[in-house]
Each structure stands twice: as C-alpha cells, then as structure tokens.
Number of protein chains: 4
Amino acid sequence: MAAPPVVAPRKRPAQGRARQTVAAILEGAARILETEGLEGFNTNAVAGAAGVSVGSLYQYFPGKDAIMAGLIRREAQAFRERLDEAARAASGPPLAEAIAVLAATAVAHQAARPRLARILDFEERRLGLSGEAEDADAGVAAILSAFLAERGFSGPNAAGDAMHIARGLIDGALERGAVEDLERRVAAAVLGYLQLMSAAPGQEAPSPSPAERV
Amino acid sequence: MAAPPVVAPRKRPAQGRARQTVAAILEGAARILETEGLEGFNTNAVAGAAGVSVGSLYQYFPGKDAIMAGLIRREAQAFRERLDEAARAASGPPLAEAIAVLAATAVAHQAARPRLARILDFEERRLGLSGEAEDADAGVAAILSAFLAERGFSGPNAAGDAMHIARGLIDGALERGAVEDLERRVAAAVLGYLQLMSAAPGQEAPSPSPAERV
Amino acid sequence: MAAPPVVAPRKRPAQGRARQTVAAILEGAARILETEGLEGFNTNAVAGAAGVSVGSLYQYFPGKDAIMAGLIRREAQAFRERLDEAARAASGPPLAEAIAVLAATAVAHQAARPRLARILDFEERRLGLSGEAEDADAGVAAILSAFLAERGFSGPNAAGDAMHIARGLIDGALERGAVEDLERRVAAAVLGYLQLMSAAPGQEAPSPSPAERV
Amino acid sequence: MAAPPVVAPRKRPAQGRARQTVAAILEGAARILETEGLEGFNTNAVAGAAGVSVGSLYQYFPGKDAIMAGLIRREAQAFRERLDEAARAASGPPLAEAIAVLAATAVAHQAARPRLARILDFEERRLGLSGEAEDADAGVAAILSAFLAERGFSGPNAAGDAMHIARGLIDGALERGAVEDLERRVAAAVLGYLQLMSAAPGQEAPSPSPAERV
DNA sequence: CATGAATGAGCCTTCATTCAT
DNA sequence: AATGAATGAAGGCTCATTCAT
C-alpha cells in the first residue's frame with residue numbers, strides 16, 4: 001500500500017510576490033502537462049518552465065503531488081466561477097436554452113486546454129481529491145444541482161450524471177477532432193438525458209412541470 | 001520531443017506455452033493496475049504478479065508500453081466481442097429496448113473492473129493507439145455505427161458521441177459509487193441524445209422513420 | 001545498426017566545485033579502468049571510485065560513453081602538452097637526439113599507466129573520436145607532422161606511422177614486461193623507419209638534407 | 001577481484017559434425033565482432049550468426065570467454081601457418097627481401113579482417129592468454145625469433161618488438177585508411193629497427209655479418 | 001544431442017527531495 | 001528566501017547461463 005499523497009499547500013502565500021511565484025509554478029506545471037504530458041511532468045521541468053529553481057518550488061509545495069493538486073484546484077475554481085456565472089445567466093430562459101448556455105461554458109472550458117483538462121481529470125482521482133470537502137468537482141456539482149433543482153430535476157444523480165455525460169462527450173470529441181457543432185451535441189445529450197429520466201416512471205426524478213419541457 | 005512509444009508485440013506466441021505466458025503477463029498487468037494504479041505499474045511488479053521473470057516478460061514484449069498496449073488490445077477485443085453479440089441480439093427489438101441492451105453491455109464491461117477500464121482508457125490516448133486502423137475503439141465504433149445506421153442515425157458523430165457519453169457517464173457513476181439503476185441512466189443518455197439530434201433541424205442526422213421513434 | 005554513442009559533455013563546469021567534481025569523476029574512471037579493466041567500468045563503480053553519487057555523475061556526463069570520451073580527451077591533452085614541450089626542446093639537436101627525446105616522452109606517458117593507455121586507445125576507436133577535428137590524436141599527429149616537416153620528412157604517412165610504430169612497440173613491450181632500454185628501442189624503430197623511407201626511391205618522402213642523416 | 005575467465009574448450013570435438021559446429025560458432029563469432037563490435041558480441045547473437053541454438057553453443061564452449069579464446073586461437077594459428085610458410089620462403093633471399101615477404105604476410109593477414117584483428121588483439125590480453133604455453137603469439141614470436149636468429153639478430157626483444165612494430169603500424173594505417181604502399185612501410189619500420197639496433201654499440205644485439213646488411 | 005523459453009543478477013539512467021551556499 | 005549541486009532509491013532493460021522438453 002502506498003502512503004496517501006501529500007497534497008496540502010505548504011503555506012498560504014499572503015504576500016504579493018509569493019502569490020506570483022505560486023501562480024508561476026502552477027502555470028509552468030500546466031504548460032508542461034500540455035506539451036509533455038504526464039510523462040514529462042517532473043519537478044525540474046516544472047521549475048524550469050516556471051522560471052524558478054527547484055528549491056523555490058519546494059518552498060511553496062511540499063511535493064510533486066501538491067503541485068498537481070494545486071493545479072487541479074486552480075482549474076476547478078476557474079471553471080466553477082465561469083459555470084456559476086453561466087448558471088445565473090441561465091436562470092431565466094427556458095430549459096433548453098439554459099442548458100445550451102451551460103453546455104457552451106463546459107465546451108469552452110475544456111476546449112481551451114484539452115490535454116490539460118483530461119490529465120487533470122485523471123489525476124484528480126488518483127490523488128483522491130474528490131473526497132475533500134472543499135473539492136473541485138463538488139463545487140461544480142453543487143452549482144449544477146442547484147440549477148437542476150430549480151427546474152424540478154432533483155434526482156440524486158442528475159447533476160453528477162449531467163456533468164460526466166458532458167465531460168465524456170466533450171473529451172472524446174476533442175480527441176477525435178470532431179468539434180463541429182459540439183455545443184449543440186452536448187446540450188442534446190444532457191437535455192435528452194434529463195427529459196427521458198423524468199418522463200420515465202422510474203424512481204429517479206419527479207416530472208418537471210410541463211412548461212419546462214424543452 | 002519524446003520518441004513514440006514502442007507498442008508492437010515482440011513475437012507471435014504460436015505455441016501453447018508461450019501463449020499462456022503472454023496471457024499470464026497481461027493478467028498480471030491488469031491486476032497491478034487495479035490494485036496499485038499507474039504508479040505501481042512497473043515491469044518488476046507486473047512480472048511478479050504474472051508469476052514470471054522479467055526476462056520472460058521482455059521475451060514477449062519489447063518494453064513496458066507494449067504490455068500496456070497488449071492489455072488495451074485484449075480488453076478492447078473482449079468488449080468488442082460482447083458488444084457485437086449484444087448488437088446482434090438488439091437488431092430486432094424497438095430502438096429503446098435495443099439501446100438498453102447495448103447500455104447494459106457497456107455497464108457490465110466497465111463495472112467488472114472499473115479502475116482498470118479507466119486507466120486503460122487514459123493510456124490508450126497516450127500511446128496513440130487510437131490511430132491504429134485495426135484498433136480498439138475503432139472496432140467498437142464500427143459496431144455502433146452499423147447498428148445506428150440500420151436505425152437511420154447516420155450522423156458522422158452519432159456513434160462516437162454515443163460511445164463517449166456512455167463511457168463518461170458509467171465511469172463517473174462508478175467513481176461516485178452511484179450505480180443504482182445505472183443501465184437505465186446510460187440508456188436514457190444515449191437515447192435522449194439520439195432523439196434530440198435527429199429531431200433538431202441541424203446538420204447532424206436525418207430523421208429516422210417515425211416508427212423508429214422510441 | 002547501433003546509434004552513435006553520446007560523447008558530448010553535458011555542461012561546461014565553470015565553477016570551481018563543479019570542475020573538481022568533473023576531475024574526480026575522470027580520475028575515478030581512470031582508476032577503475034586500471035584496476036578492473038573495461039569489464040569493471042560501470043557507472044556505479046566510477047561514481048564510487050570518484051567519491052560522488054551516480055546522480056552527480058549524470059549531472060556532468062550524459063552517459064557512460066561520455067565519461068570514457070572525457071577521459072580520452074584528458075589523457076590526449078596531457079600527452080599533447082608533454083609532447084609539444086618535448087618537440088620544442090628537440091628542435092635544436094640533430095635528428096637522432098631529437099627523436100630520442102620524443103621517444104622518451106612517449107614511453108614515459110604510456111608507461112605511467114599502461115593498462116589505462118591501452119584501453120583508452122581501444123575505446124577511442126569504438127567511440128569514433130578520432131574523427132573529431134579538435135581531437136586527441138589529431139593534435140599529437142599535428143605536432144609530429146610539424147616536427148618532421150622541419151626535418152624534411154613530409155610524406156603523408158610519416159607522422160601517423162611514427163606514432164603508431166611507437167605506440168605498438170611500447171604497448172607490446174610493457175605487456176611483455178620487456179622495458180629494458182625501451183626508449184632506445186623506440187627511437188631506433190622510428191628513426192630506422194624514417195631513414196629507410198627517405199632513402200628509398202619510393203614515392204613516400206623526399207630525401208632530407210644529408211646533414212640531417214642520423 | 002574477478003575470477004579468471006574460463007577459456008578452455010569444453011571437449012575435443014573429434015567427430016566431423018561436432019567439428020563443423022565448432023567452426024560455425026567461431027565463424028559466427030568472427031562475423032558478429034566484425035559487424036557489431038565487442039558491444040554486439042553476445043551469446044545469442046553469436047548463436048544466431050552461427051545458425052545454431054544457444055544450447056548447442058554451450059555444448060561446445062563452457063562460456064562466452066571461451067568462444068573468444070577459441071576465435072583468438074583460430075586466428076593465431078592461421079597467421080602462424082601463413083607466417084611459417086612465408087618464413088621458409090624467406091630463408092634464402094637477402095634480409096631486405098625476406099623482411100618484405102614477412103611484412104606482406106602480416107599486412108595481408110591483418111587487412112583481411114581489420115576490425116576483427118584489432119578486437120582479438122585487445123581481448124587476448126584481457127583473457128590473459130599470452131600466459132598460456134600453447135599460446136597464440138608465442139608461436140608467432142617463436143617463428144620470428146628463429147628467422148631473426150638465423151640472420152644473426154638474437155637480442156631478447158628483437159622478435160617481440162618487430163611483431164609489435166608491425167602490428168601497431170598496420171593497425172593504425174588501416175584505421176586511418178592509409179594503405180598505400182603499406183607493405184613497404186612495414187618492411188621499412190622493421191628493417192630500420194633491426195639495423196639501428198644492431199649498429200648501435202648497445203647491449204641489445206650482436207652485429208650481424210656485414211654481408212647481411214641490407 | 002539440439003532447442004529455445006525461462007531466469008535473475010547486474011547495469012544504466014531518471015528524478016523527487018535535501019541542503020550547503 | 002533563492003539557488004542548484006548532490007544524493008540515492010527505484011525502475012527499465014540486457015544478456016550469460018540453465019534446463020525442461
């Protein structure tokens with residue numbers, strides 16, 4: 001059995017310069033992952049890409065995994081913020097339109113740095129970050145959950161399923177280079193899922209009010 | 001630039017004993033990935049788990065990556081066979097029922113060894129195996145494509161999207177432990193996607209004949 | 001076909017400490033070759049003999065062959081310097097005496113660490129270092145060439161042949177333990193060769209001025 | 001300290017087929033050394049080049065070094081025979097001519113397979129074969145010694161020195177590609193050495209009778 | 001005897017981490 | 001605080017040798 005990875009940041013970088021250094025390291029890490037993949041992700045490479053020395057890197061992160069975790073948190077927070085904003089904007093329009101907005105947000109996020117997104121998604125599980133309270137996806141799921149609850153979809157899996165449907169579809173499409181009309185395809189997948197689940201007599205979700213249908 | 005990984009098998013194990021050894025190595029590799037993850041996947045561990053020496057391992061595989069590739073091929077072929085059978089069984093019934101059969105097949109496959117499935121999926125891209133003509137997902141996509149074409153869904157992305165929707169959903173659900181009613185959720189996601197895409201006036205797919213609707 | 005060996009040094013050790021480390025590694029390598037031969041020449045042994053860790057070794061040399069190459073360069077330069085000095089000292093006296101001085105230099109160099117000299121000579125060819133412009137033997141040959149040209153021996157092979165005659169004779173003598181009077185034997189071999197080649201009506205060398213004879 | 005290498009042949013191959021197998025192995029070894037060098041010289045490669053299995057190889061040779069030793073003996077004997085013949089033919093003519101014949105023999109032998117000759121020469125020392133009574137070079141030296149004694153050169157080093165002078169010169173010339181007129185250069189080196197050594201008032205060799213002078 | 005699959009010690013190399021400067 | 005040289009455990013791979021068939 002391997003010891004659980006150390007992922008806690010070493011210190012709260014309150015000062016401005018320290019904050020900048022941390023940001024530089026995370027961005028260096030992101031760039032390495034994008035260009036070299038998981039294989040090229042080593043502390044020397046990250047330090048080099050960040051323009052700092054390994055020593056400095058260890059000043060701010062207790063180990064390699066902590067850098068990974070920091071990067072995952074950074075990306076998750078960025079996505080959460082964008083999604084939060086999108087969800088607010090989507091609270092008025094009819095369901096189909098609202099879903100389209102959220103789908104577009106997800107596509108935009110993942111398409112910006114596809115290789116990075118995919119690696120972080122994979123690593124997130126290895127690090128067991130999904131268990132953390134202040135977790136990455138937890139925030140995303142919460143936003144989606146709230147959005148869906150408002151619309152009457154309150155099944156226990158609706159938010160999580162929607163998230164993974166979208167993520168899987170987008171990820172696969174980017175890999176294949178099949179990006180045409182991707183937002184619409186994502187929206188169709190999520191919306192189709194929600195409709196069928198609520199239409200069915202199953203135990204999953206209560207029927208939304210008819211007015212909400214597409 | 002990293003050199004492309006070596007993934008071709010070293011020799012064709014025609015004899016019985018050799019075939020057994022190769023099988024043992026692949027199963028050893030699978031077990032290591034399941035229990036130790038990608039981090040614990042090293043040639044000594046694989047050889048140990050397979051009950052053979054490292055030397056034997058290198059007799060049949062030119063390197064570490066080739067073992068990974070071999071395992072990916074093995075799993076892909078197994079899935080392809082199961083899916084092929086399911087697709088034949090599903091050629092008669094109405095669409096919804098047919099999709100349910102395929103969904104159940106996918107769930108069964110991925111749930112059998114979830115961690116393994118996820119890691120292989122990730123590694124497949126790193127190794128660039130998806131480019132191979134005779135490869136893993138290509139076969140799966142072909143089966144799906146044929147199935148969908150019969151039903152009138154011939155969009156360029158239908159098969160690929162369906163595959164990734166299902167994979168993403170199943171993978172995420174297994175990770176969260178949200179397995180209740182999973183087959184139905186997968187079927188709903190795929191079916192919902194297909195219906196909405198064909199219903200829309202977009203450029204994606206021609207409307208299937210009305211009789212095919214749900 | 002084997003890939004050409006990597007022999008370029010990894011970094012230029014400008015600082016004092018680094019220069020010391022590099023020197024220690026080369027001397028460690030020399031000692032291993034002397035005591036254990038080519039068979040015992042492995043990176044761990046070299047690092048151990050040098051009193052550094054393998055990691056440090058790889059900090060300065062990109063691989064095993066580069067250490068060998070570094071050692072070859074070190075020895076070649078040392079010999080070149082001694083020979084250069086000897087050649088200057090030998091520019092005045094009559095030919096026989098001058099040759100004796102050079103022969104003594106060669107004997108002294110090779111007898112100091114005979115096993116090392118022999119192994120380096122062998123390895124130099126494997127590494128293909130003799131092709132380098134600025135290299136090992138090139139310098140030695142150039143010095144000899146200049147010396148011989150001054151004396152009127154300008155055949156295309158005079159310098160190279162003299163070098164190899166001396167090297168072969170010294171090497172063989174040291175191996176047999178037949179060191180008595182070795183300098184004189186070497187001088188005789190070289191001088192005898194030069195005289196006969198210039199005396200002959202062949203196409204090799206122009207006759208030196210009569211005053212230069214013996 | 002390393003154990004002394006095992007070089008004794010495993011059994012006297014009396015039968016015809018066995019003798020053929022041994023010959024095949026030695027020739028396979030020779031070809032590997034010529035094409036791949038010492039680095040590519042491994043038992044599998046040799047067995048492959050010889051067209052036999054590793055198992056058979058170990059049937060006739062107790063280990064890798066024994067193959068090397070066997071090859072060294074084979075080449076030494078072949079050279080000895082040629083040289084012996086040449087020495088007989090050279091017993092009549094004047095010294096210069098006789099030396100020319102021997103030099104040509106040496107050049108022919110070494111030029112036939114230069115890389116092989118050089119590697120065997122190097123390995124011969126590692127294996128400590130020169131100590132053996134029935135040794136490789138011993139025979140060659142004996143032939144030369146007899147030849148030189150007949151001519152009045154009986155110094156203790158004459159034969160050995162002549163051999164190494166010739167070997168070094170030929171080897172170096174082949175390496176540089178400077179083969180023009182090589183026989184004459186070799187003859188000049190050897191003859192020049194002998195003349196000067198006997199002319200000198202030193203302790204090395206008695207003056208040969210004046211009639212023998214070139 | 002021949003075969004060649006299997007073995008595993010040993011060697012090359014990388015990289016996370018420390019620490020003297 | 002920052003630097004980057006040094007460390008050494010860990011892991012990929014080769015190849016001499018054995019032995020079951």
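**Exercise 1.** Determine how many salt bridges join chain C and chain D, and describe the residues on the side of chain C that takes part.

*Solution.* A salt bridge is taken here as a side-chain nitrogen of Lys or Arg within 4 Å of a carboxyl oxygen of Asp or Glu. By this rule, twelve salt bridges cross the interface of chain C and chain D in this predicted model. One of them pairs Asp171(C) with Arg125(D), whose closest N and O atoms are 3.3 Å apart. The elements of chain C that give two or more residues to the side touching chain D are α6 (114–126), α8 (158–176) and α9 (182–199), where helices are DSSP runs of H or I with at least four residues, numbered from the N terminus. Sorted by class, that side of chain C holds 13 nonpolar, ten polar and 15 charged residues; Ala, Val, Leu, Ile, Met, Phe, Trp, Tyr, Cys and Pro count as nonpolar, Asp, Glu, Lys and Arg as charged, and the others, Gly among them, as polar.

Residues are numbered from 1 along each chain as its sequence is written, and chains are lettered from A, with ligands numbered from 1, in the order in which they are written. In this predicted model, local features need pLDDT of at least 70 and side-chain atom pairs count only at pLDDT 80 or more, while totals for chains, interfaces and linings use all residues; side-chain values use heavy atoms, with hydrogens and water left out.

**Exercise 2.** Describe the interface of chain A and chain B by its contacts, its buried area and its salt bridges.

*Solution.* Begin with contact (heavy atoms within 4.5 Å): 37 residues of chain A touch 37 residues of chain B. Next, the buried area, which is the accessible area (1.4 Å probe) lost on putting the two parts together and summed over both, comes to about 3,400 Å², with carbon and sulfur atoms giving 57%. Finally, the rule finds eleven salt bridges between chain A and chain B, among them the one in which the side chains of Arg125(B) and Asp171(A) meet at 3.3 Å, N to O.
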